[in-house]
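Open the structure in a viewer and keep the selection panel at hand. The stops below run from the whole chain down to single side chains.

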Amino acid sequence: MNYLKRVKTSVAACLVAAAGSMAPAAACTGISFTAANGDYVQARTIEWGDGPLPSEYVIMPRGYESVSYTPSGKNGLAFRARYGVAGLSIVQPEFIAEGMNEAGLSAGLFYFPRYGYYPPYDSLQNHRTLSDLQLVPWILSQFATIDEVKAAIGGVRLVSLDNPGTSSTVHWRIGDAKGNQVVLEFVDGVPHFYDNPVGVLTNSPGFPWHLANLNNYVNLYAGSAPAHRLSDLTVFPFGAGSGLLGLPGDVTPPSRFVRVAFYKATAPQKATGYDTVLQCFHILNNFDIPVGTEFPEGKVPDIPSATQWTAAVDLTARKIYYKTAYNNTIRCIDLNRIDFGTVKYQTAPLDKEQKQPIEMIRIDGAL
């Protein structure tokens, strides 16, 4: 099997197959906050329920040369890194799913089946053809601002590596250290940038639809509903939080979008970026998908969770934090401590060992 075929097979196994009605969903849930001191944080989960998702951290120095894959080979757009990049990849190191560059620009991909459409693949345009799974490293290695990305996106032709006509697609969240955030979607082959007033993102349908759908939940509010009379009976809430009664609890993208939007809107503002990072992890714990929910009895794969990893990016402090399904210890990559002019390109698995550390408590007088 040649290298491109192995790439396409891996992508199909881990992402493309999710478009099928019987396959587990590739789900992502994103959230963002600005701390009281102005620090800006974007966080997200990444899911794949079919088995372990190969994931690594990637360090890309300035000057690193990349060539995009196309459906016919590793013969697409060539680009040289202007900015150093750190990110978290899926399937293989070239496919960075979430990352940030030394200028404080962040980007991440979110699965977007059946709604995004790229221009048709044209081998005569290979010199400017870019795999959708490599758009994040292209953005982060080339640009310092969202405006620069908007100005340049028309110069590339995006393509999926799977079969034309059955292509999976993704959409993207792009943010900068000033707290600006946009969603990029390709509709009928044309790129569309949407400002993100709610600061959250999931998957299909399109982003404007998700914003409109929030109007179906106009009755929800933080806190508890007051007791009131119903004919001759007084009805009252059984416990706290009844103002959110009716908040959807399933794991579909529309329901996760509504839920994370309300969790974000009701969360208190934290003092610093560090505090906000920890808050993001706590909120996103609510979006861990138990792997058994996606499979019939007896077909559940042997993985701890369909949520493979969760990441938080502090764009102001230039730090990437993550934890995994196998190890909930939060780890950090500090871009300030990396000399992107001299560091070597490098990758490593997110977990050195897929095992959760457990700290034993020593009790005085115990054996």
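**Whole chain**

Colour by secondary structure: the protein chain has 6 helices and 20 strands, taken as DSSP runs numbered from the N terminus (helices H or I, at least four residues; strands E, at least two). With a radius of gyration of 21 Å, close to the 21 Å from the globule rule for 367 residues, the chain is as compact as a globular protein of that length; the radius is taken over C-alpha atoms, and the rule is 2.2 Å times the number of residues to the power 0.38.

This is a predicted model, in which local features need pLDDT of at least 70 and side-chain atom pairs pLDDT 80 or more, while totals for chains, interfaces and linings use all residues. Residues are numbered from 1 along each chain as its sequence is written, and side-chain values use heavy atoms, without hydrogens and water.

Switch to C-alpha atoms: they fill a box of roughly 75 × 60 × 50 Å along the principal axes.

**Cores**

Next, select Ile31, Leu135, Trp138, Ile139, Trp172 and Ile174, the residues with the most contacts inside the largest nonpolar core, which has 83 residues. Such a core is a set of buried Ala, Val, Leu, Ile, Met, Phe, Trp, Tyr and Cys residues joined through side-chain atoms within 4.5 Å; buried means under 20% relative accessible area (1.4 Å probe, protein chains only).

Centre on Ile174. Among the residues it touches, leaving out those up to four places away in sequence, are Gln42, Leu105, Ile139, Val182 and Phe193; contact means heavy atoms within 4.5 Å.

Then select Val291, Ile303, Ala325 and Tyr326, which belong to a second, separate core of 5 residues.

Notes:
Buried < 20%, exposed > 50% of the residue type's maximum accessible area, 1.4 Å probe, protein only.
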